[in-house]
Amino acid sequence: MARNRKDRDSWGEWSFSDKNVYDWSSEEEEPDGRARPVQVLLVKDDHTFELDEAALSRILLAEEVRDREVVAISVAGAFRKGKSFLMDFMLRYMYNHACEDWLGEPEEPLTGFSWRGGSERETTGIQIWSEVFLVDKPDGRKVAVLLMDTQGTFDSQSTLRDSATVFALSTMISSMQVYNISQNVQEDDLQHLQLFTEYGRLAMEETFLKPFQSMIFLVRDWSFPYEFTYGQEGGMQFLEKRLKISENQHEELQNVRKHIHSCFTNISCFLMPHPGLKVATNPHFDGRIKEIDRQFINNLQVLVPWLLSPRNLDVKEINGSNITCRGLVEYFKAYIKIYQGEELPHPKSMLQATAEANNLAAVAAAKDLYNKKMEEVCGGDRPFLAPSELQARHSKIREEALQVFRGVKKMGGEEFSRRYLQQLEGEIDEVFVQYIKHNDSKNIFHAARTPATLFVVIFVMYVAAGITGFVGVDIIASVCNMILGLALITLCTWAYIRYSGEYRELGAVIDQVAGALWDQGSTNEALYKLYNVAANHRHLYHHAFPGPQVEEVAEEQERRRD
C-alpha cells in the first residue's frame with residue numbers, strides 16, 4: 001500500500017493540501033494522480049542492480065512528454081549531506097517558479113523526496129519524481145524536466161562498486177549533474193569524481209566529444225566567505241583555483257584535473273553557507289523555512305533559479321544529438337545492462353588497489369629470480385640436461401622464488417596474499433613446462449624423433465609390401481604401399497616446414513603423431529625389434545624384389561651344388 005506523508009501547500013495550479021506525497025513503486029498504481037518519488041534503480045542485498053522498467057516507462061513514456069526533448073537534473077555525492085533536502089527545494093521551485101516567493105510559507109514543512117536528519121542513509125539506488133515538468137525555453141521549445149535523487153556514496157552498507165555505479169549511471173543519464181560536497185573541494189573529492197566518471201565513460205561508446213555535459217560543484221557549509229564569497233561568482237573563482245594545472249604539480253594531480261576537464265562540457269561551482277544549528281542538531285526538524293538560517297535562504301533563492309531557470313536548462317545530448325524522454329528510457333536500459341554484466345572492471349578501494357599492486361610486484365620479483373636462475377641451468381647456450389637433474393634444479397629454484405615472495409612486506413594481510421602465492425606457484429609451473437620443452441629440443445635424439453619415426457614407418461611398410469606381394473596377398477601389399485607413400489609425403493612435408501617455417505600448426509600435428517608412435521612402449525626396444533624383423537626377413541624381400549646382385553648370388557649357389 002502507498003504510505004501517506006505530510007501535506008504541503010502548492011503554488012500555481014497545484015494544491016498540496018489536495019496533493020499528498022506517497023512512496024510508490026511500479027507494483028502499485030499511482031493513486032489519485034498524486035506526484036511522488038519513484039524508485040527506478042534498485043540496489044539488492046547481493047549488491048546487484050535492477051532497473052524498474054515499468055515504473056520508468058510509466059513516467060517517461062506518458063503521451064504528453066515521451067517525444068519532448070528532456071532535461072535530466074541529478075544530485076549526487078556523499079551520503080547524509082543534504083541531497084534530498086536540496087531536491088525538495090528544487091521541487092518547490094518547479095511547482096511555483098512563476099511566483100516571486102516560490103519558497104512558500106515559513107511554517108510549511110518540506111516534503112517531496114524522502115529526507116530526514118541523522119547519520120544513517122535514507123535514499124537508495126536512484127529515484128525520480130513521478131511528474132515530468134514541461135518548461136518553455138526562451139527559444140520557444142517546450143522541454144521536459146526530470147528530477148533525479150541518488151543514493152549517497154560511501155555509506156556503511158554499500159561497496160565501492162555500488163557507489164561508483166550509482167554515481168556513474170546518474171552522470172551518464174543526466175544533462176546537469178550537481179556534485180554535492182561538504183565544506184570544501186578536497187583532493188579526495190576530485191579523485192572520487194575521476195574514478196566515478198571514468199567508470200561511466202567505460203560503459204559508453206567511444207566518442208570524440210566530451211562524454212558528459214554540465215557538472216556543478218555545490219559546496220555546502222562553506223566556512224570561508226572572506227576568501228571566496230557565497231554564490232556562483234565566488235564559487236567559480238574558488239573552482240578555477242582548485243582545478244588549475246601548474247607545472248610544479250605532481251603528475252598525479254595534473255592527471256586528475258585533466259581528466260575532469262576532458263569529461264564535462266561545462267563545469268561550474270556554487271558556494272552555500274551552513275543552514276544553521278537548528279537544522280543540524282534538531283531531530284524534529286521538518287524543513288520549515290523559519291528554522292533555517294537566513295543567509296542560507298538568501299543563497300538558496302539564488303541557487304535554485306540559477307539551476308532551473310528556463311534559459312539555464314541543458315537538454316540531454318548524446319554524441320551531439322538531443323535526446324527525448326523516449327530515447328532516455330532506451331539509454332537507461334542499455335546502460336544498466338552493462339553494469340549488470342561483468343564486462344567492466346570492478347572499481348577498488350585505495351587500500352585494495354595498493355595491496356594488489358604490492359603483491360603483484362612481489363610475484364614479479366619472485367618470477368624474475370626463477371627465470372634468471374633457470375636460464376643459467378638450461379638457457380639457450382646451455383647443453384642438454386638430464387630430465388631428472390632438471391627436475392631437481394627446478395624444485396630448488398622454485399622454493400627460492402617462493403621464499404622471495406614470502407620475504408617481501410605486503411599489504412592486505414596473509415589471507416589476501418595467499419591467492420597471489422598460489423598464482424605465483426601456477427605461473428612458475430607453467431614456465432617450467434616451457435623449460436622442459438626447450439631442454440628436450442637440445443637432445444639430438446629428441447630432435448630427430450619425427451624423421452626417425454617416419455623412416456622406420458617407410459622402411460617397415462616397404463618390407464611388408466614386398467613380403468605380402470611375394471606371398472600373393474596383393475590387397476595388404478597395396479595398403480602397405482599406400483601407407484608408405486603417405487609416410488613419405490609426410491616426411492617431405494615435415495622437412496619443408498622445418499626449412500621454411502611455414503605451416504607450423506601442421507608441423508606440430510606431425511610431431512605429435514610421430515611422438516605418439518615413438519612413445520608406444522619402450523622406444524629403443526621397439527626400434528630394435530623392428531630392425532630384427534626387417535633383418536630376419538630380408539631374404540624374403542630379396543626373393544620378392546630380386547636385383548642384379550641377388551641374381552649373381554643365386555647363380556653362384558647353383559654352381560656350387562653342381
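Leaving aside residues up to four places away in sequence, which residues does Leu190 touch?

**View 1. Leu190 and the residues it touches.**
Leaving out residues up to four places away in sequence, Leu190 touches Val185, Phe217, Arg242, Leu243, Val256, Arg257 and Ile260; contact here means heavy atoms within 4.5 Å. What you're looking at is a predicted model, where local features need pLDDT of at least 70, side-chain atom pairs count only at pLDDT 80 or more, and totals for chains, interfaces and linings use all residues. Residues are numbered from 1 along each chain as its sequence is written, and side-chain values use heavy atoms, with hydrogens and water left out. You'll find Leu190 in helix α4 (residues 187–203); helices (H or I, at least four residues) and strands (E, at least two) are DSSP runs, numbered from the N terminus. Leu190 counts as buried because its relative accessibility is 0% (buried means under 20% relative accessible area, exposed over 50%, partly exposed in between, using a 1.4 Å probe and protein chains only). Although Leu190 and Val256 are 66 residues apart along the chain, their C-alpha atoms are separated by 6.9 Å.

**View 2. Gln127 in its strand.**
Gln127 sits in strand β6 (residues 126–129). With 12% relative accessibility, Gln127 counts as buried too. Its side chain makes a polar contact of 3.1 Å with the side chain of Gln39 (a pair of N or O atoms within 3.5 Å; within protein, one must be able to donate a hydrogen and the other to accept it, and residues adjacent in sequence count only if both atoms are side-chain atoms). Not counting residues up to four places away in sequence, Gln127 touches Pro37, Val38, Gln39, Phe113, Leu147, Met148 and Asp149.

**View 3. The largest nonpolar core.**
A nonpolar core is a set of buried Ala, Val, Leu, Ile, Met, Phe, Trp, Tyr and Cys residues joined through side-chain atoms within 4.5 Å. The largest one has 58 residues, and Leu60 and Phe217 touch the most other members. Helix α3 (residues 160–173) gives this core its largest share, eight residues. Apart from this core lies another, of 43 residues, including Val135 and Ile297.

**View 4. Helices α3 and α9.**
The axes of α3 and helix α9 (residues 325–340) come within 11 Å and cross at roughly 155 degrees. So α3 and α9 are roughly antiparallel to each other (angles over 145 degrees count as roughly antiparallel). Among the residues listed where they meet are Leu169 in α3 and Phe332 in α9.

Definitions and conventions: Axes fitted to C-alpha atoms, helices over the stretch in contact; angles between N-to-C directions. Parallel < 35°, antiparallel > 145°, perpendicular 65-115°, else oblique.
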